[in-house]
Amino acid sequence: MEFEEKLLRKFSRNYEKYYPVKQLKSFGYKRYRCKSCGNFFWSVNPRDFCGEATCMGGYVFGKKLGKKSFKYFEVWEVFSRFFKKYGYVPIPRYPIVSRWYPELYFVVAGINIFQPRIINGEVEPFEYLTVERQFCVRFSDVDIVGYNPKSFSGFIMLGQHAFNTKEKKTYFKEEGIEQIHKFLTKVLGIKPEEIVYNESFWYGGGNLGPSIEFLSNGIELGNQVYIQYKLVNSNLREIENKTIDMGAGMERIAWAVSNKLTSYEVTFPYVLRKLKENL
Ligand SMILES: [Zn+2]
């Protein structure tokens with residue numbers, strides 16, 4: 001069995017320990033098993049398949065979620081304003097050349113800003129609660145940009161990060177899911193019935209933990225990771241510095257609450273208008 005599959009089985013077998021079950025239940029969600037991939041997920045209404053497009057038979061696009069809509073950059077404004085209420089501090093974006101992190105040439109996720117030294121506990125976090133809009137590159141997606149309506153060679157990742165150390169405790173799973181659920185439903189206006197939370201996991205830079213992906217219409221809106229282990233000789237060792245690492249594509253969020261067919265129309269409206277004029 002693959003390492004990833006083993007990990008997901010371990011977390012799902014003991015799901016009450018690894019996932020923020022209390023909050024998900026309090027929002028009216030129930031746990032189901034996907035008839036296609038066999039993984040577990042949470043939904044308000046019963047359904048046969050998890051939120052993944054491959055299990056649902058494809059994703060839906062051009063179908064607006066919720067009643068509100070925001071322009072591309074307004075998403076950052078409402079996101080940062082909402083999280084400030086919980087004490088999160090907006091921080092400036094970092095360069096995309098990751099000089100501080102020798103394992104990577106380029107920043108591919110918001111968490112890279114804090115890797116490796118803050119995540120592994122060598123350095124105290126400069127802020128314990130942060131939100132950011134970090135430009136990330138995805139060279140692996142270059143070939144599919146334009147072939148589907150949602151891929152970019154570079155995009156802005158909205159990040160919510162909560163750090164915990166031996167001396168200072170902030171938020172972890174239950175608070176983290178409560179905050180992101182309220183952002184999705186109260187701020188963006190997406191109905192709870194339209195959101196599926198998939199049980200998942202994340203592994204990167206020697207650290208790992210369970211995660212909750214949030215999806216709608218077969219499209220992943222983001223992923224909230226609960227970093228709580230490091231890998232030592234293929235064994236999981238619990239770490240003191242537990243971290244919430246939530247990442248969501250700003251383009252994806254703005255697109256999901258719009259009625260546009262592609263995320264490019266939301267992200268580059270002026271460029272596309274000009275291109276159409278010159279056709
Ligand atoms: Zn599935």
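**Exercise 1. Find the helix that holds S263, and decide whether this residue is buried or exposed.**

Step 1: S263 belongs to helix α8, which covers residues 263-267; helices (H or I, at least four residues) and strands (E, at least two) are DSSP runs numbered from the N terminus. The model is a predicted one, in which local features need pLDDT of at least 70 and side-chain atom pairs count only at pLDDT 80 or more, while totals for chains, interfaces and linings use all residues. Residues are numbered from 1 along each chain as its sequence is written, and side-chain values use heavy atoms, with hydrogens and water left out.

Step 2: With a relative accessible area of 1%, S263 is buried, a word that stands for under 20% relative accessible area, whereas exposed stands for over 50% and partly exposed for what lies in between (1.4 Å probe, protein chains only).

Step 3: If neighbours within four places in sequence are left aside, S263 is in contact with P149, K150, F152, E251 and W255, contact being heavy atoms within 4.5 Å.

**Exercise 2. Identify the residues that coordinate the zinc ion, and describe their arrangement.**

Step 1: The coordinating atoms are the SG atoms of C34, C37, C50 and C55, at 2.3 Å; donors are N, O and S atoms within 2.8 Å of the metal (3.2 Å for Na, K and Ca), and water is not among the atoms, so sites may look incomplete.

Step 2: The arrangement is tetrahedral because the four donor atoms subtend angles of 104 to 115°, and four donors count as tetrahedral if all angles lie between 85 and 135 degrees.

Step 3: C37 lies in the loop between β1 (30-33) and β2 (40-43) and C55 in helix α4 (residues 53-56), so this pair ties together parts that are 18 residues apart in sequence.

Step 4: C37 is partly exposed, at 36% relative accessibility, whereas C55 is buried, at 11%.

**Exercise 3. Give the order of the strands in the open sheet, and name its edge strands.**

Step 1: The order of the nine strands is β1-β2-β6-β7-β8-β9-β5-β4-β3, with mixed pairing; two strands pair if DSSP finds at least two bridges between them.

Step 2: At the edges are β1 and β3 (89-91), each of which pairs on one side only.

Step 3: Within the sheet, β6 (residues 196-204) and β7 (residues 207-216) pair in the antiparallel sense over nine bridges, and W202 stands opposite G209 in β7.

Methods:
Four donors count as tetrahedral if all angles lie between 85 and 135 degrees; four count as square planar and six as octahedral if opposite donors are over 155 degrees apart and all others between 65 and 115; anything else is irregular.
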